Amino acid sequence: MPDRASLRGLELVSVAGAGEALLGPLGRALDRRFGTRSFRGPPLPLLEGWRDPDTGQYRSGDVVDALVARGDALRADGSTLWSLAVTAADLCAPGRTFVFGEATVGGCCAVVSLARLDPGEGPRSPRLAERLLAEATHELGHVAGLDHCELGGCVMVSCRTAEDVDRRPGTFCARCLALLPPAARSLPA
């Protein structure tokens, strides 16, 4: 694992106050998985202009674009900052009725929605925390450059339901782990 000074920064962002209680434990778990140094970034508002007029959902790409634009100044010096937003808003994307999250593949930013991951057991639900960690790991895998994996034993498998997220392992298969950039291979947990 790289020394603490050379770790990639991972900005955790609450969108409209969502997931506040989950961000601390999520950051610690992601730091162990990706060798990052997480910190809380300023919250992001949920803008009405991001709402799809046909479905009433929010467009995931608009949230990611806002993270990219906001972080461009921070990344201008060549830093290796990743940003991960968490929202309670139900997200959609072109051609999809909903998405659990979206990321810039090989880029810098991702968003995860709690809307369809939430089992309705309260904000400190262990199952919600597990689902959020699995989905955040999946989206940050995309940020690290990985595409979807066809191997059933990998966190990069695409999921269509929250129950699929529950069944999907929270770790990368050997093939995907080998494809991660060296700085992000501190995994197993």
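**View 1. The largest pocket of the predicted model holds about 320 Å³ of space.** Of the 20 residues that line this pocket, Arg-96, Val-99, Gly-101, Glu-139 and His-148 are the closest to its centre. Two or more lining residues come from each of strand S6, strand S7 (101-103) and helix H3 (126-143), and by class the lining is made up of 7 nonpolar, 7 polar and 6 charged residues.

**View 2. Strands S3, S5 and S6 form an open sheet with mixed pairing.** The strand order is S3-S5-S6, and because strand S3 (58-59) and strand S6 (96-99) stand at the edges with a single partner strand each, one side of each is left without a neighbour in the sheet. Strand S5 (residues 91-93) runs antiparallel to S6, to which 2 bridges join it, and Ala-93 stands opposite Arg-96 in S6.

**View 3. Strand S1 (residues 8-14) is largely enclosed by the rest of the structure, because 7 of its 7 residues are buried.** Both faces of S1 are covered, with Arg-8, Leu-10, Leu-12 and Ser-14 buried on one side and Gly-9, Glu-11 and Val-13 buried on the other.

**View 4. Strand S1 pairs in the parallel sense with strand S2 (residues 36-40) and with strand S4 (residues 82-87).** The pairing of S1 with S2 comprises 5 bridges, in which Leu-12 has Arg-40 of S2 as its bridge partner, while S1 and S4 are likewise paired over 5 bridges, with Val-86 of S4 as the bridge partner of Ser-14. Together with helix H1 (residues 20-34), strands S1 and S2 make a right-handed β-α-β unit.

Definitions and conventions:
Residues are numbered from 1 along each chain as its sequence is written. This is a predicted model: local features need pLDDT of at least 70, side-chain atom pairs count only at pLDDT 80 or more; totals for chains, interfaces and linings use all residues. Side-chain values use heavy atoms; hydrogens and water are left out. Two strands pair if DSSP finds at least two bridges between them. Helices (H or I, at least four residues) and strands (E, at least two) are DSSP runs, numbered from the N terminus. On a 1 Å grid over the protein atoms alone, a cavity is a set of points where a 1.4 Å probe fits but cannot get out, and a pocket is an open set with protein on both sides within 12 Å along at least five of seven lines; lining residues have an atom within 4 Å of a point. Grid points are joined across faces, edges and corners, and a volume is the space filled by probe spheres set on the points. Ala, Val, Leu, Ile, Met, Phe, Trp, Tyr, Cys and Pro count as nonpolar, Asp, Glu, Lys and Arg as charged, and the others, Gly among them, as polar. Buried means under 20% relative accessible area, exposed over 50%, partly exposed in between (1.4 Å probe, protein chains only). A crossover is right-handed if, with the strands pointing away from the viewer, the path from the first strand over the helix to the second runs clockwise.
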